[in-house]
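Please open the structure in your viewer and keep the selection panel at hand.

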Amino acid sequence: MSDKKLHTLTIDPEFRDLIPPLNDDELTMLEESIVANGCESPLIVWNGVIVDGHNRHAICQKHNIPFAVTEKEFSSREDAMLWMLRNQLGRRNLNSYQRGELALKFEPLIASASKKRMLAGKAIDPPQNSAEGSGETRHQIAKIAGVSHDTIKKVKKLSESADEKTKGKLRRGEVTVHKAYTELMQKEHENETRVCDRCKQEKPVAAFSIPSNRHGFSSLCKDCEKEISAAAKAAAEVASATTAKVETHPVNGMAMLNGAPIHVATPLPDEPDMLPHVMSTLETAAHSFLATVETSLRLMTRGIATPENLRIYEEALLSIADQAHELFKNHVKEIEKR
Ligand SMILES: [Zn+2]
């Protein structure tokens, strides 16, 4: 980076006009800031040609304010222009129309860069020869602009066909891309009719909306869409009213649903009302225990049912019951200590 002085730099009109101008407020703010604090960040140049800082350059020249410059390397004019685009999009506070409009200016550059990549065998999309350019190019433009693929299509249509008044509103953010696009499409097709897929009625285009995530008219008329959304809402209400509530069990980690225990996380209230829940859990444990005992009894065929084996088995069962009783007594002692 050079020292601050009044450098003599070259302005390339094509480079200068690539970037949308600052509005009056932005320009005034920038000028006031430079006059008060000097030009803080260096201007970026490529072989002495400004690639970033056209406004700052003009202000510094006007007030004789010294500024620094940084040289940047680019392999071609196109590379420099693509860098300028990304740099502006990354720094300026532009709305989606402005971002799309700016990125579309670079369509031929992006298309030729994609073509080079395609020739090098690095293309994401297969080559296409549509009039709108390849899918790869549109994808790249949307990505660079940071807007959806669909928004790029709408911006492209608006920048080609909308009147200057509408474009001004779009640039100032007074109308959304979707609204302006819908109005333009309604106007362009105002004498046409469409047949609704649902009610099969032929209606003027004005009776059809454009879904916000699409760029063509809906296949259903607005009346049908209203009816469908009202029916969907009613169905959702019925569903939420009739869905069985899960009866939560106040033991942490356990609930009963249709007679079966399920795992949930609920707090543990210390209240006499807990008894039915304790009993319910005990019953679940007991049923499960008895079912397993029954299975093990079936395994005990006549061949192994000697008096000695039966005594061992019976003792084991009684011992389990004793252990349960032991757990119970110990827990009662624990509670009494608290
Ligand atoms: Zn309809």
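**The sheet and its helices**

In this predicted model, begin with the open sheet of 3 strands, whose order is β2-β1-β3 and whose pairing is mixed. Select β2 (49-52) and β3 (69-71): these strands stand at the edges with a single partner strand each, so one side of each has no neighbour in the sheet. From one strand to the next, the twist averages 45°.

Next, select strand β1 (residues 43-46) together with β2; the two run antiparallel and are joined by 3 bridges. Within this pair, display Val-45, which stands opposite Ile-50 in β2.

Then select helix α4 (residues 77-91), which lies across β1 and β2 and runs at about 35° to β2.

**The zinc site**

Move on to the zinc ion. Which residues coordinate the zinc ion? Select Cys-196, Cys-199, Cys-221 and Cys-224: each contributes its SG atom, at 2.3 Å. Along the chain, these donors follow the spacing C-x2-C-x21-C-x2-C. The site is tetrahedral, with angles of 103 to 118° among the 4 donor atoms.

Finally, keep Cys-196 and Cys-224 selected. Cys-196 lies in the loop between β4 (193-195) and β5 (202-204), whereas Cys-224 lies in helix α11 (residues 222-242), so the pair ties together parts that are 28 residues apart in sequence. Are these two residues, Cys-196 and Cys-224, buried or exposed? Both are buried.

Methods: Residues numbered from 1 in each chain as written. Predicted model: local features only at pLDDT ≥ 70, side-chain atom pairs only at ≥ 80, totals over all residues. Heavy atoms only, no water. Pairing = 2+ DSSP bridges. Helix = DSSP H or I, 4+ residues; strand = E, 2+ residues; numbered from the N terminus. Axes fitted to C-alpha atoms, helices over the stretch in contact; angles between N-to-C directions. Contact = heavy atoms within 4.5 Å. Donors = N, O, S within 2.8 Å, 3.2 Å for Na, K, Ca; no water. Tetrahedral: all angles 85-135°; square planar, octahedral: opposite > 155°, others 65-115°. Buried < 20%, exposed > 50% of the residue type's maximum accessible area, 1.4 Å probe, protein only.
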